[in-house]
Amino acid sequence: MIQRALWSSAAGMAAAARQVDVTANNLANVNTAGFKASRADFADLAYAAVQAPVAPLAAATGGVQVGHGVRLAATPRLWHQGPLRETGSPWDLALEGAGFLQVVEPATGEVLLTRGGAFTLSPWPGGPPAAGGPDGGEGLVVTDGAGRPLLRDDGQPVVLPPGSRTWIVSPEGEIRAVLADGDEVPAGRLAVVVPAAPDALESRGEGLFAPGPEPLIALPPGQGGAGRVRQGMLEQSNVDLAAEMTRLLAAQRAYQLNARAVLTADEMMGAINRLRP
């Protein structure tokens, strides 16, 4: 029984440590735009039926069920909407809904999903064919902070004509480039992707997710629950600071209690050993 107490307490310490890890990651990203918090779910380890002579009623019905501790079962993400904050930058986009924007990794061509909408205008050396400049000059592509181009609904990067000063994005995702003389030129439309199973997305860090095996559904913004585009705003992290601090304190106390149980079991084993002739 003492050995069982040791292993059960050790399992409790490991589970509390994982809770601290998950909570620390949430707290570290409380100011990360578009970050989705995670939650640690736990489950009981296997139970064993023990015949206890002090409990004849329980023994008559199969013994006393004794647990072996707890384990981390899953760390699902919480996909609910984070608050929107106005930034004043025309290059910032936020989604008010359940969808994701798409960016592409230049080195690998892999399409990734993001809720972080901090974009910028970058030159595209050589000028893509879609730049459309009258002289075929260098194009301007909208990218995230790491240089990943933002994608339109046709899967191509959002490219603005040479000389573009800024852009206008409607709530429905329509893009218009604003030239230096104030003229506005259509530049495509954003697509918002709604994963069929968000929990199947694979996190790649920096608020990016790789699509899972389920097919993606690309919808025009504002349709099918995809959400509308809000220009000049960023979605904040959905981390609940008060709740995370409470979980952190509870996990620390659980770790301390299990550590004390280990010490108590060790002292009991030592006392038993000293009783031997």
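Predicted model: local features only at pLDDT ≥ 70, side-chain atom pairs only at ≥ 80, totals over all residues.
Helix α1 gives the most to the lining of the largest cavity, with 3 residues. The structure holds 2 cavities of 30 Å³ or more. The largest pocket has a volume of about 210 Å³, and both Asp144 and Glu206 are among the residues nearest its centre.

**Largest cavity**
- The volume of the largest cavity is about 40 Å³.
- Its lining consists of Gln19, Thr23, Asn26, Ser38, Arg39, Ala40, Leu78, Glu244 and Arg247.
- Two helices, α1 (2-28) and α3 (241-275), each supply at least two residues of this lining.
- By residue class, the lining of the largest cavity splits into 4 polar, 3 charged and 2 nonpolar.

**Second largest cavity**
- Pro195, Ala196, Ala197, Ala200, Leu201, Gly212, Glu214, Pro215 and Leu216 line the second largest cavity.
- Here the lining divides into 7 nonpolar residues, 1 polar and 1 charged.

**Largest pocket**
- The largest pocket has 14 lining residues.
- Nearest its centre lie Thr114, Gly116, Ala118, Asp144 and Glu206.
- The pocket lining comprises 6 polar, 5 nonpolar and 3 charged residues.

- Aspartate 144 sits in strand β10, which covers residues 139-144.
- Its relative accessibility is 11%, so aspartate 144 counts as buried; the cut-off for buried is under 20%.
- A polar atom of the aspartate 144 side chain lies 2.8 Å from the backbone nitrogen of arginine 148.
- Beyond its neighbours within four places in sequence, aspartate 144 is in contact with Val103, Ala118, Phe119 and Thr120.
- One of these contacts, Ala118, is also among the residues nearest the centre of the largest pocket.

**Glutamate 206 and its hairpin**
- Strands β16 (residues 202-205) and β17 (residues 208-210) run antiparallel and are joined by 3 bridges.
- Glycine 205 faces leucine 208 of β17 across the pair.
- The two strands, β16 and β17, form a hairpin with 2 residues between them.
- Glutamate 206 is placed in the loop between β16 and β17.
- Its phi is positive, at about 55°, although glutamate 206 is not a glycine.
- Is glutamate 206 buried or exposed? Glutamate 206 counts as exposed because its relative accessibility is 63%, and the cut-off for exposed is over 50%.

**Whole protein**
- The secondary structure comes to 3 helices and 20 strands.
- Of the protein's 277 residues, 35% count as buried.
- Among contacts with a separation of 6 or more, 62% join residues 24 or more positions apart.

Note on methods: Residues numbered from 1 in each chain as written. Heavy atoms only, no water. 1 Å grid on protein atoms, 1.4 Å probe; cavity = no way out; pocket = protein on both sides within 12 Å on 5 of 7 lines; lining within 4 Å. Points joined across faces, edges and corners; volume = space filled by probe spheres on them. Helix = DSSP H or I, 4+ residues; strand = E, 2+ residues; numbered from the N terminus. Nonpolar A, V, L, I, M, F, W, Y, C, P; charged D, E, K, R; others polar. Buried < 20%, exposed > 50% of the residue type's maximum accessible area, 1.4 Å probe, protein only. Polar contact = N/O pair within 3.5 Å; in protein donor to acceptor, adjacent residues only side chain to side chain. Contact = heavy atoms within 4.5 Å. Pairing = 2+ DSSP bridges.
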